[in-house]
Amino acid sequence: MHASEIRAVLARHPALCAFASRVTDFLDGHLPEPATEEAARPPWLGLRRRAAEAGLTGFDLACAATGPADGCGSPEDRGAVAVVPRGLERVAQGLAMFLAGRRDCDAREVFSTGHGAMALRYGAPAVVRAVHDRVVRGGELAGVASSEPHSGSDLRGLRTVAVDHGDHLLLSGTKGLVSRVEEAAGFVVFCKMVAPDEAAVVQTDAAALRRVPLSALWLPMETAGVLTETAAPLGLRGWSLGHLHFHNVRVGKDGLLGAPGDGRRIFDAHFSGWRLMMALVCLGAATAAIEETMTRARRRSVGRTSLANIPSVASRLGTSAAEVQAATAWCFSLLERVGQDGEGPDVAACSAAKALATDAAYRAVDVALQLHGSDGYTRHTPMEKRLRDIRGLRIADGPNDTLYSVLAQSLLAGSRPSPPLIVAQRQA
Ligand SMILES: Cc1cc2nc3c(=O)[nH]c(=O)nc-3n(C[C@H](O)[C@H](O)[C@H](O)COP(=O)(O)OP(=O)(O)OC[C@H]3O[C@@H](n4cnc5c(N)ncnc54)[C@H](O)[C@@H]3O)c2cc1C
């Protein structure tokens, strides 16, 4: 089953075969079996550093793979970097995420520039150089800090403020819960940028603050005044989760990504692709769970027959496989279109695809856990960990119910043009 969707992607893009082999070889060498809670936790950050040495941290951005600004990088860089043809970077990233998810959802951070992509795409040259050195070459990790304790789903409601003092900004607020607070080298922070005389007004006038457009900036974690506080999550425990506190943290103006007020554009462009990545991590995990369950169902006798011969068992496995394969195909079809239709990403479809994929993956792993019987309910099999991990990704990067609404609102508003085929049929 694993082969069917991935084989279809590779048949459409044979130039990615060598890349897929490189990722698989890396995983076989460093994470040969799906992770279980019972086994020692893989050294995740160490694996990311190994991936950087193997050229597997910068392939998803043309400039990140080869080096900043001058577009060529050092000869050592060029030798190590995995080869991904131009235009296929997002599809390659999706393949890497799917393959990583087959071993463990926490392996999602091992490959690619991750959230560092925003700093590399929109940062000033000094930021691009620093992020490239640390995140791409050094295998460190970049985080994203959007959510706040009072407002996760509602971006306009964010209250973290960067006061503009000419050559620098003073950042104050609290972010969380956010991932990677202990491991990240830096964060892309979404905030409201205001002039000093506006700062006092927006502190007391929530409606005025809502009207201030979002900005984004790159904040290295060693910046004075950044405090962290961790929480204990249900799943995805390979990486920390917690709060970031800022009190008058001084950030150079060149830390801004894009122009002031560009935050929403940067958020939408990045998260459209990123949501598909998280979807594919979960679909990889679900595919592995279905395959493991098929193997068990063939071997396991129940009375005079095997588990696989019981019609209701086959039907549940078939339903899971159909849902997971359909969601995988949708995610790759959206990734193939990102940046190719000249209109920017289809934010609504990408949002709903993440919701559909993580919901389908969760159902599939739940069926797989059930069909593993009591074994499935222990920390000895990967099922319970997958279930907890995927549960987190039904909330993270946008709660699924919100993401389905994004598609509905877009369809109700008719915000994307009808495909030419339908227009032509109507005109006929
Ligand atoms: C494992 C994990 C990792 C995370 N990592 C990060 C990170 O790295 N960076 C970061 O910035 N954030 C991160 N988050 C936070 C995440 O983005 C937010 O939790 C999410 O956006 C929801 O915000 P909230 O928690 O404030 O929930 P709320 O906004 O309070 O919403 C609660 C629930 O209400 C429902 N709901 C809310 N709005 C709507 C709506 N419009 N329509 C229908 N239903 C709705 C949804 O079911 C939602 O789950 C992470 C969360 C998790 C669980």
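Residues are numbered from 1 along each chain as its sequence is written. Because the model is predicted, local features need pLDDT of at least 70 and side-chain atom pairs count only at pLDDT 80 or more, while totals for chains, interfaces and linings use all residues.

The protein contains 17 helices and 10 strands, where helices (H or I, at least four residues) and strands (E, at least two) are DSSP runs numbered from the N terminus. Along the principal axes, the C-alpha atoms occupy a box of roughly 80 × 55 × 40 Å. The radius of gyration of the protein is 22 Å, which agrees with the value near 22 Å for a compact globule of 428 residues. This radius is taken over C-alpha atoms, and the globule rule is 2.2 Å times the number of residues to the power 0.38. Of the 428 residues, 47% count as buried. A residue is buried if 20 or more other C-beta atoms lie within 10 Å of its own, exposed if 12 or fewer, and partly exposed in between, with C-beta atoms placed from the backbone. Among contacts with a separation of 6 or more, 78% join residues 24 or more positions apart; two residues are in contact if their C-beta atoms, placed from the backbone, lie within 7 Å.

The domain assignment gives domain 1 (2–139), domain 2 (143–260) and domain 3 (264–427), with bounds that come from an automatic or database domain assignment. An unreviewed UniProt entry carries the annotation "domain: Acyl-CoA oxidase/dehydrogenase middle" for residues 144–249. UniProt positions are given in the numbering used here, feature names are shortened, and annotations may be inferred rather than shown by experiment. The span 144–249 is 14% helix and 48% strand, and its end C-alpha atoms lie 17 Å apart.

Domain 1 and domain 3 meet through 25 residues of domain 1 and 32 residues of domain 3. On the side of domain 1 that touches domain 3, at least two residues come from each of α1 (2–12), α6 (89–103) and α7 (116–122). Helix α6 supplies the largest share of that side, 10 residues. By class, the side of domain 1 that touches domain 3 has 12 nonpolar, six polar and seven charged residues. In this classification, Ala, Val, Leu, Ile, Met, Phe, Trp, Tyr, Cys and Pro count as nonpolar, Asp, Glu, Lys and Arg as charged, and the others, Gly among them, as polar.

Gly94 belongs to helix α6 and counts as buried, with 29 C-beta neighbours inside 10 Å. Leaving out residues up to four places away in sequence, Gly94 touches Leu276, Met277, Leu280, Cys331, Phe332 and Leu335. The C-alpha atoms of Gly94 and Ala279 are 9.0 Å apart, although 185 residues separate the two in sequence. Ser333, in helix α12 (residues 311–337), is partly exposed, with 13 other C-beta atoms within 10 Å. Ser333 and Val91 are 242 residues apart in sequence, and their C-alpha atoms are 9.0 Å apart in space. Arg121 lies in helix α7 and is partly exposed, with 17 other C-beta atoms within 10 Å. A distance of 40 Å separates the C-alpha atoms of Arg121 and Thr381, which are 260 residues apart along the chain.

The shell around the ligand holds 21 residues, of which Ser146, Ser147, Gly152, Ser153 and Pro399 come nearest. A residue is near a molecule or strand if its C-beta atom, placed from the backbone, lies within 6 Å of it. Two or more residues of the shell come from each of β1 (141–145), β3 (168–179) and α16 (400–413). Domain 2 and domain 3 each give at least three residues to the shell. Its residues divide into 10 nonpolar, 10 polar and one charged.

Most residues other than glycine have a negative phi, and most peptide bonds are trans. The peptide bond from Gly176 to Leu177 is cis, with omega near 0 degrees, and Leu177 is in strand β3. Arg180 is not a glycine but has a positive phi of about 70 degrees. Arg180 sits in the loop between β3 and β4 (184–194) and counts as buried, with 22 C-beta neighbours inside 10 Å. Asn248, in strand β7 (residues 241–252), has a positive phi near 50 degrees. With 10 C-beta neighbours inside 10 Å, Asn248 counts as exposed.
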